Amino acid sequence: MKKTNKVIVMGVAFAVVIIVLLFSFVIFKSSSKGKTTDSMLKKIKVTKQSPVKAPISLDDNTLFDELPEITKYPLAVEGKGDVVIEIMTSPEKAGQNYESWLIDVAEKFNEEGYTTEAGLSIGLSVRPVTSGLAADYIISGKHTPQLFTPSNYLWGEYINANGGDVTVKSDRLVGNTAGLLISKNSTYKTYDDIIGAVKKGEINIGYTNPQTSSTGMNLLLSILKDGDDDMFSDKAVESFTTFQQNIPFVAYNTMQMRDSAKKGTLDGMILEYQTYINEDNVNKMYDFVPFGVRHDNPLYTVNESNLTDEELEAIDIITDYCLSGDMQTIATKYGFNANNDYKSEDSFTGAEVNKALEIYKANKDNGQDIIAVFVADCSGSMYGDPLNRLKDSLSNGMQYINENNYVGLVSYSDDVSIEVPINKFDLDQKAFFQGGINRLQANGSTASYDAIVVAMDMIEKAKKDHPDAKPMIFLLSDGQQNIGYSLETIKPALKDSKIPVYTISYTAEADTTAMKELSEVNEAATINADSEDIVYKMKSLFNSQM
């Protein structure tokens, strides 16, 4: 009997050991302890495809084609009447809470029932769109409202210098200023001191992409102007390059920059005063130092020569209403119309704005090469429109990647496939890259983090030949990881690598929380986009980072 019991006990123990071993094998890839890129690679099935070339278009896509339909950016207020005037506005004037001034104005205007002298009823519609994007709509002619109010006048100059047609109706709708935010503990308290400290590498500040951000554009122009009387001289460009060398990253948007600042990554950043004064978690941490041209939200008519007499009359009535004492009181309550004693001695033309943006694009990486791997989700959940738009956005985005960069392409579903190894992004590599894009097909599960590990390994090997290159990964996915390594497993190795992972989601159901967490490991951006606007957003991202 005892022998039988001993056998049973040994059998149970053996079974337990087998179960533990099997369980350990299953969770091995989810363990977050002590994993390196090399050790993780041993558990990933990687296929190396033979790259094939495909024809590429040498013609730039038109701005009209890249922009999504304007319905992607719906009206915040829809006016009704015989004469309806749409005003396209920067979002700080038509959002929620303290950013709702123009919404309040439009709703009150519409309630009061204004009419023209001929008795035609007037309706006011409001459409919030970021200033740079709104400028592109007007320039392309894809959507032209009757009125446009960006954050500052630089966008009006930019539009007219690039084939658009806007005319100043009012130099100031509501007053605002751009500012450098600097930690309250910092000893640097003036614009010159802050910029000088950045150039010396003594502090880290963040700023937003000047190709899309009003405050970012303002800072770019200010630094070039400070560099020399001739803002495009070698000395001025060198001044900007020195500044740029000591910027940890240029944020894709203000939200990314603010998140980094909250985590203590940055000693300072740029922001408009109206946002600064309303955000307690920001104004308690930072002092505000105004700089550059004022952000007085000018009002423009768009294609004025095409407007009817009734529309022009309605615009006069709307302008007077916005500038009335009651509406300005509301604006002041929301944080506008402060710092009225701040004046700017500088002014810029549209040609100067264009030239400054060219300098930014050419010098943002200070001649430093970039090594980038694009990681494309080809799981079953990407089937159909998401994958088609992913392929379209990559094909279109190629034209915005500088040829001095080194680029590779990885795809994944259950396993990982290296579609195109990293090479300099010359004409041959672009043809291979397009061939890899064409080959992408959707099926299987979603091993997102396995693919990130493979991309990290590719970059680490490429950096041996290009040690000074700046690495980055672009993950294009719906975010629904369900197989392979977990984020917690790869996070230590990813953090050690210092490789930022930019994540781009392609469906409304994307797991944006996980993608945002992945991007935040090394200070990168998360872009939420769908099939309607992904091409334009990818263009903006590549312009700022590649």
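Which residues in H9 meet which residues in H15? Val237, Phe240, Thr241 and Gln244 in H9 meet Ile359, Tyr360 and Asn363 in H15, where contact means heavy atoms within 4.5 Å. This is a predicted model, in which local features need pLDDT of at least 70, side-chain atom pairs count only at pLDDT 80 or more, and totals for chains, interfaces and linings use all residues. Residues are numbered from 1 along each chain as its sequence is written, and side-chain values use heavy atoms, leaving out hydrogens and water.

**The chain as a whole**

- The secondary structure comes to 21 helices and 17 strands; helices (H or I, at least four residues) and strands (E, at least two) are DSSP runs, numbered from the N terminus.
- Of the chain's 546 residues, 54% count as buried, meaning under 20% relative accessible area with a 1.4 Å probe, protein chains only (exposed is over 50%, partly exposed in between).
- The accessible surface is about 23400 Å², with 49% belonging to carbon and sulfur atoms; areas come from the Shrake-Rupley method with a 1.4 Å probe.
- Among contacts between residues at least 6 apart in sequence, 80% join residues at least 24 apart.

**H9 against H15**

- Helix H9 (residues 234-245) and helix H15 (residues 350-363) pack at an angle of about 50 degrees, and their axes are 11 Å apart; axes are lines fitted to C-alpha atoms, for helices over the stretch in contact, and angles run from 0 to 180 degrees between N-to-C directions.
- H9 is therefore oblique to H15, on a scale where under 35 degrees is roughly parallel, over 145 roughly antiparallel, 65 to 115 roughly perpendicular and the rest oblique.
- The contact of H9 with H15 holds 4 nonpolar, 3 polar and no charged residues; Ala, Val, Leu, Ile, Met, Phe, Trp, Tyr, Cys and Pro count as nonpolar, Asp, Glu, Lys and Arg as charged, and the others, Gly among them, as polar.

**H8 against H15**

- Helix H8 (residues 214-227) crosses H15 at roughly 90 degrees, with the axes coming within 10 Å.
- That makes H8 roughly perpendicular to H15.
- Met217, Leu220, Leu221 and Leu224 of H8 make the contact with Glu352, Val353, Ala356, Leu357, Ile359 and Tyr360 of H15.
- By class, these residues divide into 9 nonpolar, no polar and 1 charged.

**Leu173 in its loop**

- Leu173 sits in the loop between strand S5 (166-170) and strand S6 (178-183), and counts as buried because its relative accessibility is 1%.
- Although 150 residues apart along the chain, Leu173 and Leu323 have C-alpha atoms separated by 6.5 Å.
- Beyond its neighbours within four places in sequence, Leu173 has contacts including Trp101, Asp296 and Cys322.
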